[in-house]
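Please consult the sequence and the structure shown below alongside the text.

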Amino acid sequence: MTTTADATVSEIRGPRKLGPLTPLVGEWEGDVGVDLSYHNDDDVTDRTSYFEKASFAPIPIQENGQQKLWGLKYSMTAWRHGEEAMDPFHDEFGFLLWDKANGQVMRNVVFGRGIAILAGSDAGSHDTQLHFNATPGDPSYGILQNKYLMERAEIEDFTSSFTIIDDETISYTSDLVLRLAAAGVTMHHTDENTLRRVKRFHPSQA
């Protein structure tokens, strides 16, 4: 039987200085990932299933004059099913940032393919769905990509979201809109997965 006192204690998770990023802290794994992308070798657009590991760890408060940002450094690494003991097919590193005063979340991410993105949107401190949007040329939330990609697979738009399903489960979606010069078409490169927490971070584990 759960008492009122027990329920109250279970809902208290500290001061939530990380705002809506608070539930993400820890290490996660997911085995139901699906990647929809163009496969150059076969000249087809197809789906690939994958296994993934992710880590989100707090960083020191970042101060820009009057602005204070709380945040997480993160990494997400994915292996195609059947290739878990081989090199990953996707690896990214970045920061998730919370600007409490301005009600903004940001995703500052770098991909090994020569792509850098700063995406963001409005968010409340207890939101359970976080959106990150960026477009090329935007002075705040924009996209940089190397010359080869600009000529052959230019990114025209980026949208992603994280959803807090419960205390131990999150999911995400990601969508890159690409202009494929060779095919003369625009396509969506999408990724989605559901992750479950495998480790919480505490001072004794540092």
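This is a predicted model: local features need pLDDT of at least 70, side-chain atom pairs count only at pLDDT 80 or more; totals for chains, interfaces and linings use all residues.

Leaving aside its neighbours within four places in sequence, with which residues is Ile117 in contact? The contacts of Ile117 are with Arg107, Asn108, Val109, Phe111, Ala134, Gly142, Ile143, Phe158 and Leu176.

**Nonpolar cores**

- The largest nonpolar core has 40 residues. Ile117 is one of the residues with the most contacts inside this core, together with Leu21, Leu24 and Phe56.
- Another core, of 5 residues, lies apart from the largest one and has Ile59, Leu69, Met106 and Tyr141 among its members.
- In soluble globular proteins, nonpolar side chains tend to be buried together.

**Aromatic pairs**

- The structure contains 6 aromatic pairs. In one of them, the ring centres of Phe56 and Tyr74 are 5.7 Å apart with the planes at 15°, so this pair is stacked.
- A cluster linked by ring pairs comprises Phe56, Tyr74, Phe132, Phe162 and Tyr172.

**Salt bridges**

- A search of the whole structure gives 9 salt bridges. Side chains of opposite charge can pair when their charged atoms come close.
- One of the salt bridges joins Arg197 and Glu168, with 3.2 Å from N to O. Arg197 is in strand E11 (residues 185-199), whereas Glu168 is in the loop between strand E9 (153-166) and strand E10 (169-180), so that the pair links distant parts of the chain, 29 residues apart.
- Arg197 is buried at a relative accessible area of 11%, while Glu168 is partly exposed at 32%.
- A network of salt bridges links Asp167, Glu168, Arg197 and Arg200.
- Glu83 and Arg80 meet through their side chains in a further salt bridge of 3.5 Å, N to O. Glu83 is partly exposed, with a relative accessible area of 25%, and Arg80 is partly exposed at 33% relative accessibility.
- The closest N and O atoms of the salt bridge between Glu151 and Arg152 are 3.2 Å apart. Glu151 counts as exposed because its relative accessibility is 52%, over the 50% limit. Arg152 is partly exposed, with a relative accessible area of 41%.

**Surroundings of Arg197**

- Beyond its salt bridge with Glu168, a polar atom of the Arg197 side chain lies 2.5 Å from the backbone oxygen of Val25.
- Leaving aside neighbours within four places in sequence, Arg197 is in contact with Pro23, Val25, Gly26, Glu27, Trp28, Asp167 and Glu168.

**Thr22 and its loop**

- Thr22 is placed in the loop between helix H1 (4-11) and strand E1 (26-39). With a relative accessibility of 18%, Thr22 counts as buried.
- Thr22 and His126 are 104 residues apart in sequence, and their C-alpha atoms are 9.0 Å apart in space.

**Strand pairing**

- Strands E1 and E2 pair in the antiparallel sense over 12 bridges. The bridge partner of Val34 in E2 is Ser49.
- Strands E2 and E3 also run antiparallel and are joined by 13 bridges. Phe51 stands opposite Trp79 in E3.
- E2 and E3 form a hairpin with 2 residues between them. Gly65 in the turn has a positive phi of about 65°.
- In a regular strand the side chains alternate between the two faces of the sheet.

Conventions:
Residues are numbered from 1 along each chain as its sequence is written. Side-chain values use heavy atoms; hydrogens and water are left out. A salt bridge is a side-chain nitrogen of Lys or Arg within 4 Å of a carboxyl oxygen of Asp or Glu. Buried means under 20% relative accessible area, exposed over 50%, partly exposed in between (1.4 Å probe, protein chains only). Helices (H or I, at least four residues) and strands (E, at least two) are DSSP runs, numbered from the N terminus. Rings of Phe, Tyr and Trp (its six-membered ring) pair if their centres lie within 6.5 Å; planes under 30 degrees apart count as stacked, over 60 as edge-to-face and the rest as tilted. A nonpolar core is a set of buried Ala, Val, Leu, Ile, Met, Phe, Trp, Tyr and Cys residues joined through side-chain atoms within 4.5 Å. Contact means heavy atoms within 4.5 Å. A polar contact is a pair of N or O atoms within 3.5 Å; within protein, one must be able to donate a hydrogen and the other to accept it, and residues adjacent in sequence count only if both atoms are side-chain atoms. Two strands pair if DSSP finds at least two bridges between them.
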